[in-house]
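Thank you all for making time this morning.

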Amino acid sequence: MAGQGDLQLLGGSVSPFTLRVRMALHVKGVSYEYLEQDLVNKSDLLLASNPVHKKVPVLIHGGKPICESVAIVQYVDEVWAGAGTPSLLPAGPHDRAVARFWAAYVDDKLFPAWLAILRAATEEERAQKLAATLAVLAPMEEAFSACSAFSSSGGNSIGYFDLALGCQLFWFDALREMFGVRVIDEGKTPRFAAWAERFLETEAAKTVKPPMSSMLEFAGLLRARWAAADAAAAK
């Protein structure tokens, strides 16, 4: 991977949004310095680089920060768009719009849906949240043929929509490990299941895949914080 000057990425190893950016940089063949952040005790560099949301990821290019994973991925695609470099967004305006629509759907609908499974306090509540997540996934079956560059039907490149959804897959494995829930249901969403199996075998996915132990540890911290907040609110 060729060096590209002063490029740093502030991230968290288990953050799906950090993983999205790391995979995008890998696909584009861009080298960078990765700076792991403590997501509980945030560094001065992170707070100064993203004073609005105070979250990872943040890409710092030539001393200038770019925040939010969707903005970073589009920035990376535009800045490193040389000959021979794969494009993350489709060439046509309509196809780009469709890819952006479904990527936004992933962030606005799917991410909070599966996060609610993680937050659920009881098995009954968890089952309800899983059903809600599967309902969110159902309309996406058609999206794979519409905007996935890496579809189950033979696409080979990883695109913008693939990155948006692919970064969530590692946490689906963690939910199965923790609670035995299966977000990926071959019977209900066969295209999604086929796509996910292929995506997880890519070099980009394998390169950034976080250890299961790290995800489970962070999930435990989150659940403890949520439980404490709920208890305080109930007083």
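Let me start with Leu165, which, if we set aside residues up to four places away in sequence, touches Val106, Leu110, Met140, Phe144, Phe192 and Trp195. Please keep in mind throughout that this is a predicted model. Together with Phe161 and Phe192, Leu165 is one of the residues that touch the most other members of the largest nonpolar core, which holds 65 residues. The largest share of that core, twelve residues, is supplied by α4. There is also a second, separate core of five residues, and Leu10, Val56, Val58 and Ile60 are among them.

Since α4 contributes so much here, let us turn to how that helix packs against its partners. How are α4 and α5 oriented relative to each other? Helix α4, covering residues 93-119, and helix α5, covering residues 123-137, pack at an angle of about 160°, and their axes lie 8 Å apart. Because an angle over 145 degrees counts as roughly antiparallel, that is the description that applies to α4 and α5. The crossing of these two helices is left-handed. On the α4 side, the contact is made by Tyr105, Lys109, Leu110, Ala113, Trp114, Ala116 and Ile117, while α5 brings Arg126, Lys129, Leu130, Thr133, Val136 and Leu137.

Not counting residues up to four places away in sequence, Leu130 touches Ile117, Val181, Arg182 and Val183. For another residue of α5, we can look at Glu125, which is partly exposed, with a relative accessible area of 28%. The C-alpha atoms of Glu125 and Lys55, 70 residues apart along the chain, are separated by 28 Å.

Now to the other partner of α4. Helix α11, residues 212-234, packs with α4 at an angle of about 80°, with the axes 10 Å apart, and the two helices are therefore roughly perpendicular to each other. In this contact, Leu115, Leu118 and Arg119 of α4 meet Ala219, Leu222, Arg223, Trp226 and Asp230 of α11. The residues involved divide into five nonpolar, no polar and three charged.

That brings me to α8, in which Leu169, Phe170, Trp171, Phe172, Asp173, Ala174 and Leu175 are buried. What covers these residues of α8? The cover includes α1 (16-28), α4, α7 (160-166), α9 (190-199), α10 (203-208) and α11. Taking Leu175 as an example, we find it in α8, which spans residues 169-179, and with a relative accessibility of 0% it counts as buried. Leaving aside neighbours within four places in sequence, Leu175 is in contact with Trp114, Ile117, Leu118, Gly180, Val181 and Val183. Between the C-alpha atoms of Leu175 and Ala219, which are 44 residues apart along the chain, the separation is 9.4 Å. Just after α8, Gly180 adopts a positive phi of about 75°.

Which peptide bond is cis? The bond from Val56 to Pro57 is, with omega near 5°, and Pro57 is found in the loop between α2 (44-49) and β3 (58-61). The loop between α2 and β3 also holds Lys54, a residue other than glycine whose phi is positive, near 60°. At 37% relative accessibility, Lys54 counts as partly exposed. Glu68 likewise is a residue other than glycine with a positive phi, near 75°, and it is found in the loop between β4 (64-67) and α3 (69-79). With a relative accessibility of 36%, Glu68 counts as partly exposed.

I will stop there and would welcome your comments.

Technical notes. Residues are numbered from 1 along each chain as its sequence is written. This is a predicted model: local features need pLDDT of at least 70, side-chain atom pairs count only at pLDDT 80 or more; totals for chains, interfaces and linings use all residues. Side-chain values use heavy atoms; hydrogens and water are left out. Axes are lines fitted to C-alpha atoms, for helices over the stretch in contact, and angles run from 0 to 180 degrees between N-to-C directions. Helices (H or I, at least four residues) and strands (E, at least two) are DSSP runs, numbered from the N terminus. Angles under 35 degrees count as roughly parallel, over 145 as roughly antiparallel, 65 to 115 as roughly perpendicular and the rest as oblique. A crossing is left-handed if the near helix is turned anticlockwise from the far one by less than a right angle, and right-handed if clockwise. Contact means heavy atoms within 4.5 Å. A nonpolar core is a set of buried Ala, Val, Leu, Ile, Met, Phe, Trp, Tyr and Cys residues joined through side-chain atoms within 4.5 Å. Buried means under 20% relative accessible area, exposed over 50%, partly exposed in between (1.4 Å probe, protein chains only). Ala, Val, Leu, Ile, Met, Phe, Trp, Tyr, Cys and Pro count as nonpolar, Asp, Glu, Lys and Arg as charged, and the others, Gly among them, as polar.
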